[in-house]
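Subject: Structure for you to look through

Hello,

I am handing over the structure that we talked about, and below it I have written down what was found in it. Please keep the 3D view open while you read, and look up each residue as it comes.

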Amino acid sequence: MLRLSSAGCLFECSTTLVRGDNVRITFHDPDAKRVEAEIMWSTEGLVGCNFAKMLSDTGVKQVRLSDPVSSGGQTVADIDLQQLAQAIRKARWNAQMSASEMAKRAGLTRPTLWS
């Protein structure tokens, strides 16, 4: 998952989904929460959806805090993602690169570098 709000989320997906499709999303939080969502758009492996029922602020925080980092099962709670995104944007701007070009040079997909 690349972005999450109380109203919906943005994620990468290799399955073809189209606007209007209904999906069930299972978050990997301690309670394995499932939510119904409607696909709003899909392009180049990125999918945006709206939840049928908005998540509470607490629910959003729980999902974000339970997202494990690959090494050691730590959480991303202490990482200031806003500062990281600003630093990536600044570096990209200074290098006069598009986000796609920067992602390619870094060996990442464009969605991974979403900034």
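Ser6 lies in the loop between strand 1 and strand 2, and it is buried, with a relative accessible area of 19%. Buried here means under 20% relative accessible area, exposed means over 50%, and partly exposed lies in between, with a 1.4 Å probe and protein chains only.

Before you go further, please note that this is a predicted model, in which local features need pLDDT of at least 70 and side-chain atom pairs count only at pLDDT 80 or more, while totals for chains, interfaces and linings use all residues. Residues are numbered from 1 along each chain as its sequence is written, and side-chain values use heavy atoms, with hydrogens and water left out.

The chain as a whole

The secondary structure of the protein chain comes to three helices and five strands, and from the N terminus on the elements run β-β-β-β-β-α-α-α. Helices (H or I, at least four residues) and strands (E, at least two) are DSSP runs, numbered from the N terminus. Of the 115 residues in the protein chain, 29% are buried. Among contacts between residues at least 6 apart in sequence, 44% join residues at least 24 apart.

The five strands form an open sheet in the order 1-2-5-4-3, with antiparallel pairing; two strands pair if DSSP finds at least two bridges between them. Strand 1 (3-4) and strand 3 stand at the edges with a single partner strand each, so one side of each is left without a neighbour in the sheet. Strand 2 and strand 5 run antiparallel and are joined by five bridges, and Phe11 has Val47 in strand 5 as its bridge partner. Strand 3 and strand 4 are likewise antiparallel, joined by five bridges, and here Ile25 has Val35 in strand 4 as its bridge partner. Six bridges join strand 4 to strand 5, which also run antiparallel, and the bridge partner of Ile39 in strand 5 is Cys49.

Strand 4 and strand 5 form a hairpin with two residues between them, and Glu44 in the turn has a positive phi of about 50 degrees. Gly45 is in the loop between strand 4 (34-43) and strand 5 (46-51), and this glycine is partly exposed, with a relative accessible area of 30%. Apart from its neighbours within four places in sequence, Gly45 is in contact with Phe11, Glu12 and Cys13.

The core

Which residues have the most contacts inside the largest nonpolar core? That core has 16 residues, and those with the most contacts inside it are Leu4, Phe11, Ile25, Phe27, Cys49 and Phe51. At least two residues of this core come from each of strand 2 (8-12), strand 3 (22-26), strand 4, strand 5 and helix 1 (57-65). A nonpolar core is a set of buried Ala, Val, Leu, Ile, Met, Phe, Trp, Tyr and Cys residues joined through side-chain atoms within 4.5 Å.

The helices

In helix 1, Gly59, Val60 and Val63 are buried. Seen down the axis of helix 1, its buried residues fall within an arc of 100 degrees, so they line one face of the helix; the arc is that of the directions from the helix axis to the C-beta atoms. These buried residues of helix 1 pack against strand 1, whereas the face turned away from the buried side carries the exposed residues Asp57, Thr58 and Lys61.

In helix 3 (residues 99-106), Ala99, Met102 and Ala103 are buried. Down the axis of helix 3, its buried residues fall within an arc of 100 degrees, so they line one face of the helix. On the other side of helix 3, Lys104 and Arg105 are exposed, and just after this helix Gly107 takes a positive phi of about 75 degrees.

Finally, please look at Gln96, in the loop between helix 2 (81-94) and helix 3. Gln96 has a positive phi of about 55 degrees although it is not a glycine, and at 72% relative accessibility it counts as exposed. Most residues other than glycine have a negative phi.

Best wishes

Terms used. Contact means heavy atoms within 4.5 Å.
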